[in-house]
Amino acid sequence: MKPITILLVEDEESSAFFFQHVMTKLEMPQSLQVAQDGQEALDYLDGKGRFRDRITFPIPGLIVLDLKMPRVTGFEVLGWIRKQPELRKLIVIVMSTSASDSDINQAYELGANAYVVKPSGLDELAEVLRSIQHFWLAHNRGPIVRVSTVDKTNVP
Amino acid sequence: MNRRRRGGQRPFSKNTAIIEAAEKRPEVAMKNPMKPAASKLPGSDSAPTTERERSRLKDAAVANESLLIAGLHQQELTFAAEALSTRLQVEIEERKAAEAALQQAKDRLSNQALELEHLVAARTAELRETTRELEAFSYSVAHDMREPLRGMRGYAEILLAEHGAMLNPTGKAYLERIVQSASRMDMLIQDVLAYTKVLHADAMLTPIDLNRLTRDVIAIYPEWQEPLAEIEIVGVLPTVLGHEALLTQCITNLLSNAVKFMDPGVVPRIQIRGEAKPDARQRVWFENNGIGIAPKDRDRVFGMFVRLNSKTEFGGTGIGLTIVRRAIERMGGRIDFESEPGQGSRFWIELKEGSKP
């Protein structure tokens, strides 16, 4: 069985690096793809440009989404996903520095499955990733998401 | 002479001459009432008169006199009335002018008041907007500051964990300092964010059962459970008018202080009790067996970033009680404490009583 792909949408290079680093440390079996901002996340999910290749860039089993990003914000990405007939069921965990009630509520209103305030140290990050792995990637039964590959992939 | 004297006794003495003249030659007297002397024509005294004629003439003279007086009065009255009317007219004009001026002044004043009101409203809106922008700005700055900080800390941690073997103990110690400093700064930023949140939280007051809330808060923290700490709620805590999030913050901060400031090796023993106060107010005491607070430090306890003890002894940023005080004040309450060094401290918060839901 193919390993689940996690799509991390994160504009901060360090944050993305730590995420990857901790995943490796924890020996998580999932493969990680990083979109560097909201626009790139949309392109990835929509299979545009280089993301047409669904073998290299498969539809993720889990999206970890930052909120405050240039170009297209996490809220916009979330809103867009929930409007796509094929992608709307995707599991999205928001991971943001913001602990403000309004951000948290808005994320849930737009259809976030979970909200995590970004941990500040690597130990805490490891803790969060371990929880995500245990619950969202092991115990939780996710939706079945299939996308039509017509015109979206160059792979036969 | 007799008649003259008699005439002099009359109340209207100025008319004596008229009567005299009338007695002599009424037609002349009527023509020249004010000049009786001129009417004294030669031979007038010699006109023959019977007693009856004299009496008739006299009656006519009296009637004439009345008419004359009435006429004169009427004339005087007419003059007076005309004068009065003119004066009244003038006064009315003046008054009208004054009233118009007053009205104008009033209009101007109310216009100005209205303008002033608009100005105040506009300025208030501007100020509110500025405050909102400033809040949003500081909030986002605080957030943005956490990101590079996370970077510093993360890389230092990775260096320590994976490349620590290449460093001597001093080098490792420096890296540990970087990690500590970064996490301390992160705590400060988080506390400032918490403080701004308290300042601007929507403080709708509802009845809050402190008995339940306090138990819930205590249950969250492993370090507040026995045998690490003994926290006891004495009796039943009251229901107060408050805001759940703010009160949660207050109880958390008060308890974490109560547990923290202990002499080494002492197990924190904390008692929480309610006390009904006059005017439907409820006080809740948080008493501990800690190091206490010296009288000289009394005024500094609630100050922002004030730390009464060295940070190597006790962790923290020194903003905890500032947050509690602001939160209690936002709920219309009071906070204070009693303490002596070595005798523990007794903090209390006081809020309006809330009816049990």
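Select A:Glu127 and A:Arg130: their side chains meet in a salt bridge, N to O 3.9 Å. A salt bridge here is a side-chain nitrogen of Lys or Arg within 4 Å of a carboxyl oxygen of Asp or Glu. The two residues are about one helical turn from each other because they sit three residues apart in helix 5 (residues 122–139) of chain A. Helices (H or I, at least four residues) and strands (E, at least two) are DSSP runs, numbered from the N terminus. A:Glu127 is partly exposed, at a relative accessible area of 48%, and A:Arg130 is partly exposed too, at 35%. Buried means under 20% relative accessible area, exposed over 50%, and partly exposed in between, with a 1.4 Å probe and protein chains only.

This is a predicted model, in which local features need pLDDT of at least 70 and side-chain atom pairs count only at pLDDT 80 or more, while totals for chains, interfaces and linings use all residues. Residues are numbered from 1 along each chain as its sequence is written, chains are lettered from A and ligands numbered from 1 in the order in which they are written, and side-chain values use heavy atoms, with hydrogens and water left out.

**Salt bridges in chain B**

Over all chains, the structure holds 28 salt bridges. Go next to B:Arg150 and B:Glu147, a salt bridge whose closest N and O atoms are 3.5 Å apart. Helix 5 (residues 51–163) of chain B carries both B:Arg150 and B:Glu147, three residues apart, which means about one helical turn between them. Both B:Arg150 and B:Glu147 are buried.

Now select B:Arg334 and B:Glu350, where the closest N and O atoms of the salt bridge are 3.6 Å apart. This pair links distant parts of the chain: B:Arg334 belongs to strand 6 (residues 334–339) of chain B and B:Glu350 to strand 7 (residues 345–352) of chain B, 16 residues apart. B:Arg334 is partly exposed, with a relative accessible area of 44%, whereas B:Glu350 is buried, with 4%.

To see a network, select A:Glu10, A:Asp66, A:Lys118, B:Glu147 and B:Arg150 together: salt bridges that share partners join them into one.

**A histidine in chain A**

Select A:His21, in helix 1 (residues 13–25) of chain A. Is A:His21 buried or exposed? A:His21 counts as buried, at 14% relative accessibility. Apart from neighbours within four places in sequence, A:His21 is in contact (heavy atoms within 4.5 Å) with A:Leu122, B:Ile158 and B:Glu162. A:Ala126 lies 105 residues from A:His21 along the chain, and their C-alpha atoms are separated by 9.5 Å.

**The cavity**

Rolling a probe the size of a water molecule over the atoms shows where empty space is left. On a 1 Å grid over the protein atoms alone, a cavity is a set of points where a 1.4 Å probe fits but cannot get out, and a pocket is an open set with protein on both sides within 12 Å along at least five of seven lines; lining residues have an atom within 4 Å of a point. Grid points are joined across faces, edges and corners, and a volume is the space filled by probe spheres set on the points.

How many cavities of 30 Å³ or more does a search of the whole structure find? The search finds one. The largest cavity has a volume of about 110 Å³. To locate it, select A:Ser15, A:Phe18, A:Pro119, A:Leu125 and B:Arg150, the closest to its centre of the 13 residues that line it. Helix 1 of chain A gives the most to this lining, with three residues. By class, the lining of the largest cavity has six nonpolar, four polar and three charged residues. Here Ala, Val, Leu, Ile, Met, Phe, Trp, Tyr, Cys and Pro count as nonpolar, Asp, Glu, Lys and Arg as charged, and the others, Gly among them, as polar.

The largest pocket has a volume of about 1100 Å³. Select B:Asn253, B:Ser256, B:Asn257, B:Lys260 and B:Gly320, the closest to its centre among 47 lining residues. Helix 8 of chain B gives the most to the lining of the largest pocket, with ten residues. That lining divides into 22 nonpolar, 19 polar and six charged residues.

**Confidence**

Finally, colour chain B by pLDDT, the predictor's confidence in each residue, from 0 to 100. Chain B has a mean pLDDT of 82, and 83% of its residues reach 70 or more. Residues 1–14 of chain B have pLDDT below 50. Over residues 28–41 of chain B, pLDDT stays under 50. Where pLDDT is low, the predicted coordinates should not be read in detail. The model scores ipTM 0.76 and pTM 0.57.
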